[in-house]
Amino acid sequence: MLLIVNFTWNDKNMAQLQQVTSQSQFDELLKKAGRCLTVVHFQAPWAPQCAMMNDVMSELSKEHTTSSFVTLEAEEVPEVSEKYEISSVPTILFFKGGEKVDRLDGAHAPELSKKVQRLAVSGGPATGEVAPRRDLNERLKELTSAAPCMLFMKGSPQEPRCGFSRTIVGLLKEHSIQFSSFDILSDDEVRQGLKTYSNWPTFPQLYANGELVGGVDIVKELAESGELQNTCPKSLSLEDRLKAVINRGPVMLFMKGNKQEARCGFSRQTLELLNGAGVEYDTFDILSDEEVRQGLKTFSNWPTYPQLYVKGELVGGVDIVRELSESGELEAVLRGDS
């Protein structure tokens, strides 16, 4: 039996597609699916590519008559989207037995059909997959440099999901090393790509200033020799780090994605408003750094993104930026004239 979960808004397809509106409903769906294949399509109403993928999913539902197709708005159920590091739409994940077995980023209908056909029969990803996208190395460089000390591990420091990850977290904490982490189980593209990028086939992997230190054995050796604290750079406190990032440029936009590719509707709208003002600005992708993403909410007392700063001071989110634009004040605010 094949179960396909599609996050969609295309009304004409709703006869074939169920809707999921909460994390608990989503979790229950995966639980009931058991060993059946579950294909999860994350989408947004502002992305026209999603409507096209909805049509493809609808046609697949007719071909695979034993399959179930489910829809969910990615931004409306952020717990699920964040858990699986959904940074753009459309994105489709493939599950079996509650575990993610494959991923497809972008509106690639032929590839979606191939994956469904293959996984419905084989139950697992085939060999000889298409090479990673060209921008993967750029993303990995950004991730490995996201904090002075970055640990790529299975699980989180609070809940390691393998013995080696648990050991290395214990060593770092024992030696008072401040570090950020990335759960490689949440993103198979990063998990596989980092092996080639670093020429290191296993996890966990520890990076200092963007350079690979090594795995658990090397970290053990450094700890035993007393060199670990010299290898890992002294980190700024979170507050000092946030101040430094906020003041990286006169105008800083903290958003999902970057200038070239906004990864949520609100970020895209804010970019359009800033571009219309004709003032230079810099951006920071909060999806690349969970510590900054969570810490900035408290630091600024502003719970959502995007967030716009001018000369280190919070201006606000997309609604405030829109109001300033409509009143003709935006350019003056960005230039620090008011």
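**Close-up 1. Helix H6 and its length.** Helix H6 covers residues 163–174 of this predicted model, where helices (H or I, at least four residues) and strands (E, at least two) are DSSP runs numbered from the N terminus. Just after H6, Ser176 takes a positive phi of about 55°.

**Close-up 2. The buried face of H6.** Look here for Ser165, Ile168, Val169, Leu171 and Leu172, the buried residues of H6. Buried means under 20% relative accessible area, exposed over 50%, and partly exposed in between (1.4 Å probe, protein chains only). Down the axis of H6 these buried residues fall within an arc of 160°, so they line one face of the helix; the arc is that of the directions from the helix axis to the C-beta atoms. An α-helix has 3.6 residues a turn, so residues three or four places apart point the same way. The cover over the buried residues of H6 includes strands E7 (149–153) and E9 (205–208), along with helices H8 (216–225) and H9 (228–231), with contact meaning heavy atoms within 4.5 Å.

**Close-up 3. The salt bridge between Asp187 and Arg139.** The closest N and O atoms of this pair are 2.7 Å apart; a salt bridge is a side-chain nitrogen of Lys or Arg within 4 Å of a carboxyl oxygen of Asp or Glu. The pair links distant parts of the chain, 48 residues apart: Asp187 sits in the loop between strand E8 (180–183) and helix H7 (188–198), while Arg139 belongs to helix H5 (residues 136–144). Both Asp187 and Arg139 are buried. Together with Glu189, they are linked in a network of salt bridges.

**Close-up 4. Two further salt bridges.** Arg263 pairs with Glu261, their closest N and O atoms being 3.7 Å apart. Arg263 counts as buried because its relative accessibility is 18%, whereas Glu261, at 33%, counts as partly exposed. The side chains of Arg335 and Glu331 also meet in a salt bridge, at 3.1 Å from N to O. Here Arg335 is partly exposed, with a relative accessible area of 42%, and so is Glu331, with 39%. A search of the whole structure finds 9 salt bridges.

**Notes for all views.** Residues are numbered from 1 along each chain as its sequence is written, and side-chain values use heavy atoms, leaving out hydrogens and water. In this predicted model, local features need pLDDT of at least 70 and side-chain atom pairs count only at pLDDT 80 or more, while totals for chains, interfaces and linings use all residues.

Definitions and conventions: The expected span of a helix is 1.5 Å times one less than its number of residues.
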